[in-house]
Amino acid sequence: MSNLIAPAHPDRCASESGGHAAFEPFPARKATVGPLEIRRALPARGRRMVGPWCFLDRYGPLTFGDDKPMDVAPHPHIGLQTVSWLLDGEVLHRDSLGSEAMIRPGELNLMTAGRGIAHSEETPRPSSGRLSGVQLWVALPDASRNGDPAFAHHADLPRHELPGGTATVILGESGGLRSPAAVHSGIVGVDLDVRGTMTLPLDRSYEHALFVMDGRVTAEGQPLDPDVLYFLGTHRDELQLSAGAPARVLLIGGTPFPEPILMWWNFVARTHEEIAAAREEWMTHERFGEVARYAGPRLSAPPLIGKASPNPAS
Ligand code: MN
């Protein structure tokens, strides 16, 4: 997915974790990515990151005929991993490494941008005519953000059958099960299929957040609304979720990210100069490579105006 509503000014993001448990709602805002309507839950005003997670878009559920609801032309990324996760339908990924991978529900597409990669994401033809999913970004720490780009498709992720539901470990570790996907920070991402009352162990050093993708569910007795990110803070050993009918909840978390980051368009960096250089090199066809076989032109970077510092004097 591409961030098409990039402001002209880079967005300064840093962990605001206060070192305690919390229960703070952050409603997602509506936006569009090409023809696709999305709800953007991260970054939110007052909550830019949850552990290393720095971006969360929810799209669908929707049904369609001949149209192509997802059609994100080739665009670049630096300094992050993209996490593509579906509840319904399918998405075709292509990138500048030559990767081509279809994902379906329960499968993970994980793209590690490192110093630079380009990709496209689109509804394939033919398709099921349905689409529902989330797209997230994970900020890479300084030690790995300039590393080699990579892409991995994981069709078989560890699943916990728990009393009250199923937990699928997308990234990191939960309940003794570890996702095979490559990670670079303390991180967890779990898809919860809640069908009763389920108790999930948490790492108390991590900050966590919940996002309801489908159905009605309560967390610690509190009803959760769909399309709202609930920040849970740190210092929790477990989490109890209840649903009277099947519900799907995304749990994200990780070590509070220690490095202030700059986000602009599809880039996660540290300095304005890094962002300006990545933008320039995308526009001049350097660094990122080309996405073969995508039928159409690539995206142009929006204008970059102004300057932001990750460490303001104030
Ligand atoms: Mn993208």
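Which side chain meets that of Arg-115 in a salt bridge? The partner is Asp-148, at 2.9 Å from N to O. By salt bridge I mean a side-chain nitrogen of Lys or Arg within 4 Å of a carboxyl oxygen of Asp or Glu.

Before going on, a word on the source: this is a predicted model, where local features need pLDDT of at least 70, side-chain atom pairs count only at pLDDT 80 or more, and totals for chains, interfaces and linings use all residues. Residues are numbered from 1 along each chain as its sequence is written, and side-chain values use heavy atoms, with hydrogens and water left out.

Back to the pair. Strands here are DSSP runs of E, at least two residues, numbered from the N terminus. Arg-115 counts as partly exposed because its relative accessibility is 38%, while Asp-148, at 55%, is exposed. The cut-offs are under 20% relative accessible area for buried, over 50% for exposed, and partly exposed in between, with a 1.4 Å probe and protein chains only.

The whole structure has 16 salt bridges. In general, side chains of opposite charge can pair when their charged atoms come close. One of the 16 joins Arg-145 and Asp-142, at 2.5 Å from N to O. Arg-145 is buried at 8%, whereas Asp-142 is partly exposed at 42%. Another links Arg-287 to Glu-281, with the closest N and O atoms 2.5 Å apart. Both ends of that pair are partly exposed, Arg-287 at 38% and Glu-281 at 24%. There is also a network, in which salt bridges that share partners join Lys-68, Arg-94, Glu-100, Glu-122 and Arg-293.

Next, the threonine. Is Thr-166 buried or exposed? Thr-166 counts as buried, because its relative accessibility is 14%. This residue lies in strand E15, residues 165–174. Its side chain makes a polar contact of 2.9 Å with the side chain of Glu-161. A polar contact is a pair of N or O atoms within 3.5 Å; within protein, one must be able to donate a hydrogen and the other to accept it, and residues adjacent in sequence count only if both atoms are side-chain atoms. Leaving aside residues up to four places away in sequence, Thr-166 touches Arg-159, His-160, Glu-161, Asp-191, Leu-192, Asp-193 and Met-198. Touching means heavy atoms within 4.5 Å.

Last, the spaces. On a 1 Å grid over the protein atoms alone, a cavity is a set of points where a 1.4 Å probe fits but cannot get out; a pocket is an open set with protein on both sides within 12 Å along at least five of seven lines; lining residues have an atom within 4 Å of a point.

The second largest pocket has a volume of about 200 Å³. It is lined by 17 residues, and the closest to its centre are Glu-173, Ser-174, Val-188, Asp-203 and Tyr-206. Strand E15 and strand E17 (187–194) are the elements that give two or more residues to this lining.

The largest cavity has a volume of about 30 Å³. Its lining consists of Trp-53, Val-83, Trp-85, Leu-136, Ile-170, Gly-189 and Leu-250. Volumes are the space filled by probe spheres set on the grid points, which are joined across faces, edges and corners.

Definitions and conventions. Helix = DSSP H or I, 4+ residues; strand = E, 2+ residues; numbered from the N terminus.
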